[in-house]
Amino acid sequence: MTDEKPADVAARAVRRLTSAILSARAHGAVDPDLAAEISELADLLDAEAVDAVDCISGKVGTHDGALERSPVSGPKNPVAIPLRFELDDDGNASAPAEFPAQYQGPAGFVHGGVSGLILDVAMAVANSGSNRPGMTAEMTLRYLRPVPLHREVTVRGRHLRADGRKMWARGTIEVDGEEAVVCDGLFISKELSL
Ligand SMILES: CCCCCCCC(=O)SCCNC(=O)CCNC(=O)[C@H](O)C(C)(C)COP(=O)(O)OP(=O)(O)OC[C@H]1O[C@@H](n2cnc3c(N)ncnc32)[C@H](O)[C@@H]1OP(=O)(O)O
């Protein structure tokens, strides 16, 4: 018996399904009966869905619940890996990560845009851990080595400094202890409305 919510169990299953579809494609084809069953399940859930705008959780423009629903760290979000960030005493964020096939760019390696997404969140987590949440205004990415799929790597985020509403942070993805992707980010604190 687990305390996991049905929606979280479903999100985890959808992640596995995504990987399995890619794997089936790579090694032959998806069984037509299975494909029909998957479509029927999607129809069933879709029939229960509310308006997209009702899916927004938390106060619009704030960071309420951001980690839970994030496309990187959110257990509630089927497209998330999901990464589990830990914060050290200085507010630095880190998480082990192993990327499945759905994040592939060049064959066998993580897509560069995905690395950017991951590092945006790693830096945001570190900013929040330093009580300085903000919106991403600018990111500069340096790709030093490709990040392999299916292998454990380390994602880090570090809040560097703040000046008024501006915050600077750095995010890295490390492969075998060496920096593979380095991102410098500028964040601005601001509440927004739709
Ligand atoms: C915990 C998990 C959290 C998950 C969140 C992950 C992070 C995200 O995904 S955020 C989403 C992506 N980002 C966005 O959508 C942001 C869109 N942009 C905006 O909303 C606005 O442009 C925003 C908020 C960045 C700045 O707007 P605004 O408050 O009007 O800024 P403004 O008053 O003009 O400028 C403030 C200062 O920042 C500087 N600045 C603003 N934008 C930039 C920029 N892109 N680059 C460099 N400097 C900038 C200005 O020059 C100004 O500097 P100074 O005070 O020295 O003159």
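Helices and strands are taken as DSSP runs, numbered from the N terminus. In this predicted model, α3 (66-69), α4, β3 (135-143) and β6 each supply at least two residues of the shell around the ligand. The shell is made up of 19 residues, and Ala66, Ala124, Ala137, Glu138 and Lys190 are the closest to the ligand. Its largest share comes from α4, which provides 5 residues. Sorted by class, the shell contains 10 nonpolar, 5 charged and 4 polar residues.

The surroundings of Val155 were examined individually. Leaving aside residues up to four places away in sequence, Val155 touches Leu83, Ser94, Ala95, Ala97, Ile118, Ala122 and Ile173.

The record from UniProt, an unreviewed entry, places the feature "domain: Thioesterase" at residues 108-174. In the model, this span is 43% strand and 27% helix, and its end C-alpha atoms lie 17 Å apart.

Helix α2 was considered separately. The length of α2 (residues 32-48) agrees with expectation, because 17 residues at 1.5 Å a residue should span 24 Å and the end C-alpha atoms are 25 Å apart.

Technical notes:
Residues are numbered from 1 along each chain as its sequence is written. This is a predicted model: local features need pLDDT of at least 70, side-chain atom pairs count only at pLDDT 80 or more; totals for chains, interfaces and linings use all residues. Two residues are in contact if their C-beta atoms, placed from the backbone, lie within 7 Å. Helices (H or I, at least four residues) and strands (E, at least two) are DSSP runs, numbered from the N terminus. The expected span of a helix is 1.5 Å times one less than its number of residues. UniProt positions are given in the numbering used here, feature names are shortened, and annotations may be inferred rather than shown by experiment. A residue is near a molecule or strand if its C-beta atom, placed from the backbone, lies within 6 Å of it. Ala, Val, Leu, Ile, Met, Phe, Trp, Tyr, Cys and Pro count as nonpolar, Asp, Glu, Lys and Arg as charged, and the others, Gly among them, as polar.
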